[in-house]
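Here is a short report on a protein model.

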Amino acid sequence: MKKIVIKSLLIVTLFMGLQSCDERENYTDGPKVLDIVSTVQLNGKDAEVNHLKGSISVSLPGDTDLSNVAFDAVFPNGVTVMPETGTTLDLSSPVDLAVSNGVTTRHYLISAKLLPSKIAFLGDGATLNDISDDDVKEAGLWAQQVYGDKFIYIPYDQLTEGSLDGVNVLFYMYDNVGSTAQPAALLEHLNVISKFFVQGGKIVAGGHGTGLVEELGRDMSGLRNILGSGTGGANPDTWGVGFANSELGNIISQGCQFYANRMVYVINSGYKEDHNALWNLGSLDDPKFVSFTNLYDAEVIGAWDWAVDGQGFGGIVYWKPSGRFMGHIIALGIGGMEWHMNDNRVNPYANNVRTIYKNSIDYLGSK
């Protein structure tokens, strides 16, 4: 009985500490102080609101002008804020936000930090044009064109902690005939990538490069066993990707040309390499995508188009921060997501492949 009384007094004391006597008398007329902030966006990105600490924080791209950040917020009726929503803020230093419900005023400190801005691409050549594999080379040239001044190229033998300074997302595409093992030249510098990843670095790994998730120790499932490394050949079919019915599935597929609900084509009839690198989920309990997430802190984003509703395979997987690993990885291992056609034909679905990769890089870049 004494314990109940003590707890009650503690709650009352904490509650009274928020207000003056007059405010306590009229408190029931307004929204609860700790629930007064609903949503805050800074430059269109959702900010993290910590009611206990009275803080509002956000991470913005490295090239953001912190002196001119758009501030938009949603508050309950009867609440006023200063600075006003819809204005711009100078977040070069933290800004005080005063929130009033007409009874009491609560202060939040708004702060922003800039994310690293570089997109780094790894390859086995001294330069992009020296990369040995046609798909890897094409992926690197595309990334250079898309990300411009933010893009840097790092040969495997130049991977150092210093080379990753200012890198936001590491883009690692690997493709090989005869073996799906990671290249020895990369593994010689795996400790550099491991430190980057453990400390919060973001990685987009494509093709056979999805094996990096295992090399880093993040994927201990043993389920990435649908692997192909043959020379390939002519194939009359059109191959596609099916996306999970999820928020992230919608984000990564946004801007693609769909041929059916949540399904896009990625390669037309002609020569195909058939270099799959997928997770086999057949041994998991239904619903398999949920089981995979619960077991491994990883979300299946997509699979083969014809198989996505059966949830038996994972071809695009988001590996969330988990345990000692603070970083993020999106692994794209669906066969058919080729960057260069071996027979030099025009792939009418090439833009879908590039859109999926760009969405993956940009999504992780905002984390």
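## The largest pocket

The largest pocket is lined by K45, D46, A47, E48, S57, V58, S59, K113, Y363, S366 and K367. Its space comes to about 320 Å³. Two elements give two or more residues each to this lining: β2 (45-46) and β4 (55-60). β4 gives the most, with 3 residues. By class, the lining has 5 charged, 3 polar and 3 nonpolar residues.

Some terms need cut-offs. A pocket is an open set of points on a 1 Å grid over the protein atoms alone, where a 1.4 Å probe fits, with protein on both sides within 12 Å along at least five of seven lines; lining residues have an atom within 4 Å of a point. Grid points are joined across faces, edges and corners, and the volume is the space filled by probe spheres set on the points. Ala, Val, Leu, Ile, Met, Phe, Trp, Tyr, Cys and Pro count as nonpolar, Asp, Glu, Lys and Arg as charged, and the others, Gly among them, as polar.

## Basis of the model

This is a predicted model: local features need pLDDT of at least 70, side-chain atom pairs count only at pLDDT 80 or more, and totals for chains, interfaces and linings use all residues. Residues are numbered from 1 along each chain as its sequence is written, and side-chain values use heavy atoms, with hydrogens and water left out.

The protein has 9 helices and 24 strands. Both are DSSP runs numbered from the N terminus: helices are H or I with at least four residues, strands E with at least two. Of the 367 residues, 50% count as buried. Buried means under 20% relative accessible area, exposed over 50%, and partly exposed in between (1.4 Å probe, protein chains only).

## Strands around the pocket

β4 pairs with strand β9 (residues 105-114) in the parallel sense over 6 bridges. Strands pair if DSSP finds at least two bridges between them. S59 stands opposite K113 in β9, and both residues line the largest pocket. β9 also runs antiparallel to strand β8 (residues 95-100), joined by 6 bridges. There, A98 has H107 as its bridge partner. The β8-β9 hairpin has 4 residues between the strands, and G102 takes a positive phi near 85°.

β2 belongs to an open antiparallel sheet of 4 strands, in the order β2-β1-β5-β7. β2 and β7 (87-89) are its edge strands. Q41 stands opposite D46 in β2.

## Aromatic rings

The structure holds 17 aromatic pairs. W142 and Y147 form one that is edge-to-face, at 6.3 Å centre to centre and 90° between the planes. Rings of Phe, Tyr and Trp (its six-membered ring) pair if their centres lie within 6.5 Å; planes under 30 degrees apart are stacked, over 60 edge-to-face, the rest tilted. W142 and Y147 are both buried.

The charged end of R106 sits over the ring of Y108, 5.0 Å from its centre. K272 lies over the face of W239 at 5.1 Å from the ring centre. Such a charge has NZ of Lys or CZ of Arg within 6 Å of the ring centre and within 35 degrees of the ring normal.

## Backbone exceptions

Most residues other than glycine have a negative phi, and most peptide bonds are trans. The bond from M82 to P83 is cis, with omega near 5°. The bond from D286 to P287 is also cis, with omega near -10°.

D274 has a positive phi near 55°. D274 is partly exposed, at 37% relative accessible area.
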